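Reader: I have a two-chain model open. Can you walk me through it?

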Amino acid sequence: MDWDQFDLNPKVIAALKKADIKSIKEILNLSGADLQRLMKLSSADIQCLLKTVSHMLRRNSMLTALQLYQDKDHLTSQNQKLSLGCSVLDNLLKGGIPLVGITEVAGESSAGKTQISLQLCLCVQYPYKYGGLESGAVYICTEDVFPSKRLQQVIDQQHKLRADVPAEVIQKIKFGNSIFVEHAADLDTFHNCITKRISLLLARGMVRLVVVDSIAALFRCEFGASDSVTKARYLQTFGAQLHSLSTRFRTPIVCINQVTDTVSDSEAAQCCCSVAGNRVSPALGITWANQLLMRLMVSRTPQPERPPGVMSHHTGSVRTLRVVFAPHLPPSFCYYTVKLEGVKGIK
Amino acid sequence: MQRDVGSLPLAPALRARLFTAGFQTVQELLETGPCGLSREIGISKEEALELLQVVRQECHGDVARTAAGSGASRKCTALELLEEEQAQGFIITFCSALDNILGGGVQLTKITEVCGAPGVGKTQLCMQLAVDVQIPECFGGVAGEAVFIDTEGSFIVDRVADIAAACVQHCHLIAEAHQEEDHLKALETFSVESILSHIYYFRCRDYIELLAQVYLLPDFLSEHSKVRLVVVDGIAFPFRHDFEDLSLRTRLLNGLAQQLIIIANDHKSAVVLTNQMTTRIGQSQSTLVPALGESWGHAATVRLIFHWDNSQRLATLYKSPSQKESTIPYHITSHGFRDVQPPAVTHSAEGAEMNPRKRPRREEEK
């Protein structure tokens with residue numbers, strides 16, 4: 001760290017170099033008294049040093065909420081979201097997936113989680129005005145093989161799903177070329193993947209969506225009941241790294257999670273299911289839930305619950321997409337089906 | 001100003017040189033200036049500058065001491081403190097049950113910590129308070145501004161705009177009912193845009209940025225003297241990973257708590273922190289406890305724990321110096337943080353959002 005570029009008293013700069021302090025992080029990690037002892041300066045000098053260093057780190061970082069509200073620039077605006085490709089689903093989420101933060105899609109097997117994430121991988125490639133981010137996606141598989149046949153099916157039917165987009169725009173996009181598939185079956189490979197490989201793709205602007213399918217599979221086999229502390233540490237590290245990638249590159253991260261049975265009322269309370277009598281709750285517990293910005297749950301709707309008007313049109317089974325928590329959405333839900341062309345909401 | 005040179009806290013060698021050169025009072029030193037001093041007593045310019053700095057500090061200290069009377073610190077009686085505290089405003093939350101158990105609302109000059117599982121409403125309360133702190137005095141508010149430090153990225157400004165619109169609407173209703181001159185006047189400047197323009201938003205991506213931001217807060221608050229609320233949402237997130245050395249974490253958190261207490265007192269602001277919950281594994285069962293460890297529990301003056309009971313959200317006052325421990329239900333509507341409506345009124349739109357499964361059609365009708 002080049003201390004000479006800072007607006008400091010030469011005496012302080014000399015003391016910093018003599019004490020072998022190499023970064024702002026080291027300065028802030030020490031208390032005021034420690035700094036005084038280490039650098040042999042008075043407390044007034046140390047206060048001045050701390051303020052100058054903090055100012056260097058945080059200059060021009062203030063925004064008023066009004067500036068955030070009025071920001072219409074698609075590069076920085078909070079209004080910009082990743083559309084799901086269907087207006088009913090987008091309405092439920094008030095625009096789509098937020099660009100900064102980890103969104104979780106949890107549900108039982110074959111409820112439609114992979115279908116939704118495949119759809120997102122295609123939606124991200126559309127231009128901004130059609131709800132996309134004009135970039136590719138990374139799909140990290142942790143257990144199953146990537147569903148390439150299904151992807152091809154959906155690509156072929158894009159014109160049917162996205163009737164709102166002109167055909168020539170859809171034709172120009174080479175969907176298959178921009179989806180990068182990674183396989184990571186254990187924790188170390190996954191760690192390597194998100195710290196090295198994905199940051200490279202993100203830095204080059206080649207992708208603006210990361211899908212992890214699924215995060216629960218990584219933790220299923222390796223941790224017994226006594227390893228809960230190690231498991232929690234891994235979850236927190238992964239969560240923090242994904243969060244940091246998401247913030248640095250303004251890229252949505254979608255993690256697919258599985259569900260476990262809720263044994264007792266207290267567990268149900270922990271996972272904050274606002275639906276009384278729910279038999280399942282998302283896996284990985286509160287440690288993982290603390291890392292999330294938004295949690296969605298998908299389920300196959302049991303027969304009697306179906307609203308009567310729906311039965312005549314949809315022979316495939318009706319599923320439910322529910323918002324469990326999000327800072328900007330009320331707990332709400334909508335129905336959808338999985339068709340040949342993809343996931344479509346039902347009004 | 002007429003202080004004798006011999007009484008200054010300097011190195012003996014330096015004092016000897018000053019005597020030999022003929023300096024007797026502090027006034028003479030200040031008049032000479034650094035260049036003159038360095039020439040006359042044969043020291044380098046840096047040393048002369050330092051010397052004068054020490055002299056000025058001592059004089060400043062003398063002036064402060066004489067102004068305050070006996071003793072360097074302020075003395076006051078408990079009665080004065082009581083009157084001061086009673087005159088202080090509270091920041092209301094729009095949930096009257098919560099305001100009641102807090103003794104009127106979120107108190108200024110104190111640190112309030114809100115803990116809870118994800119999704120229970122901590123960020124919603126913070127957003128509500130950032131709006132409510134700006135309510136004009138004639139409507140019972142403190143007419144202040146808010147600083148919002150976001151470490152998780154959960155501050156969604158559209159939601160804040162909705163909460164602000166509901167608050168303005170509420171004040172309009174009060175003004176219409178009472179028809180008083182100062183109400184209408186206050187409403188002229190109380191709008192969604194003005195509310196949003198007085199929320200100062202800082203995004204901190206790791207604990208270093210958070211520490212740096214808190215070092216800069218006192219100066220910021222001196223410049224923006226109307227700020228009456230500082231929110232840190234959440235304090236746990238940047239500190240719960242990347243720390244092999246937990247003692248460093250405890251020390252940093254304690255330092256942070258001390259700085260926030262000083263800020264709360266000096267600038268008469270409320271400080272609100274949100275914390276996560278973690279599982280503590282006991283002998284036969286596991287319980288949810290606030291994160292960041294036992295020692296962090298002492299940092300906040302008032303501690304609220306939000307939790308679920310089936311599908312009802314509850315708030316428990318867990319720690320408070322003046323109020324007793326109690327639990328109340330609350331509700332989060334499209335307007336923000338509110339009371340639970342009594343059963344007769346659940347047919348309104350606000351009630352429908354609480355139990356979507358009972359009224360699926362309401363959601364689709366919207």
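Reader: How many residues of chain A are in contact with chain B, and how many of chain B with chain A?

Author: On the chain A side, 55 residues are in contact with 59 residues of chain B. Contact means heavy atoms within 4.5 Å. Bear in mind that this is a predicted model, where local features need pLDDT of at least 70, side-chain atom pairs count only at pLDDT 80 or more, and totals for chains, interfaces and linings use all residues. Residues are numbered from 1 along each chain as its sequence is written, chains are lettered from A and ligands numbered from 1 in the order in which they are written, and side-chain values use heavy atoms, with hydrogens and water left out.

Reader: What area is buried between chain A and chain B?

Author: About 5300 Å², with carbon and sulfur atoms giving 60% of it. Buried area is the accessible area (1.4 Å probe) that two parts lose on being put together, summed over both. A:Arg58, A:Tyr69 and A:Asn290 supply 12% of what chain A buries against chain B, more than any other three residues.

Reader: And salt bridges between chain A and chain B, how many?

Author: Two. The term covers a side-chain nitrogen of Lys or Arg within 4 Å of a carboxyl oxygen of Asp or Glu. A:Arg58 and B:Glu209 form a salt bridge through their side chains, at 2.8 Å from N to O.

Reader: Which helix of chain A gives the most to the side that touches chain B?

Author: Helix α4 of chain A, residues 43-58, with seven residues. Helices here are DSSP runs (H or I, at least four residues), strands are runs of E (at least two), and both are numbered from the N terminus.

Reader: Switching to domains. What is the assignment for chain A?

Author: Domain 1 is 3-59 and domain 2 is 81-346. The bounds come from an automatic or database domain assignment. In chain A, the C-alpha centres of domain 1 and domain 2 lie 45 Å apart.

Reader: What about chain B?

Author: Chain B has domain 1 at 5-62 and domain 2 at 81-339. The C-alpha centres of those chain B domains lie 50 Å apart.

Reader: Now A:Arg250. Where is it found?

Author: In the loop between α13 (228-249) and β8 (252-257) of chain A. Beyond its neighbours within four places in sequence, A:Arg250 has contacts including A:His74, A:Gln80, A:Leu99 and A:Arg208.

Reader: Which backbone oxygens does the side chain of A:Arg250 reach?

Author: That of A:Ser77 at 2.9 Å, and that of A:Thr76 at 3.4 Å.

Reader: Last one. What is phi of A:Ser110?

Author: Near 60 degrees, a positive value in a residue other than glycine. A:Ser110 lies in the loop between β4 (101-107) and α7 (113-123) of chain A.

How values were computed
A polar contact is a pair of N or O atoms within 3.5 Å; within protein, one must be able to donate a hydrogen and the other to accept it, and residues adjacent in sequence count only if both atoms are side-chain atoms.
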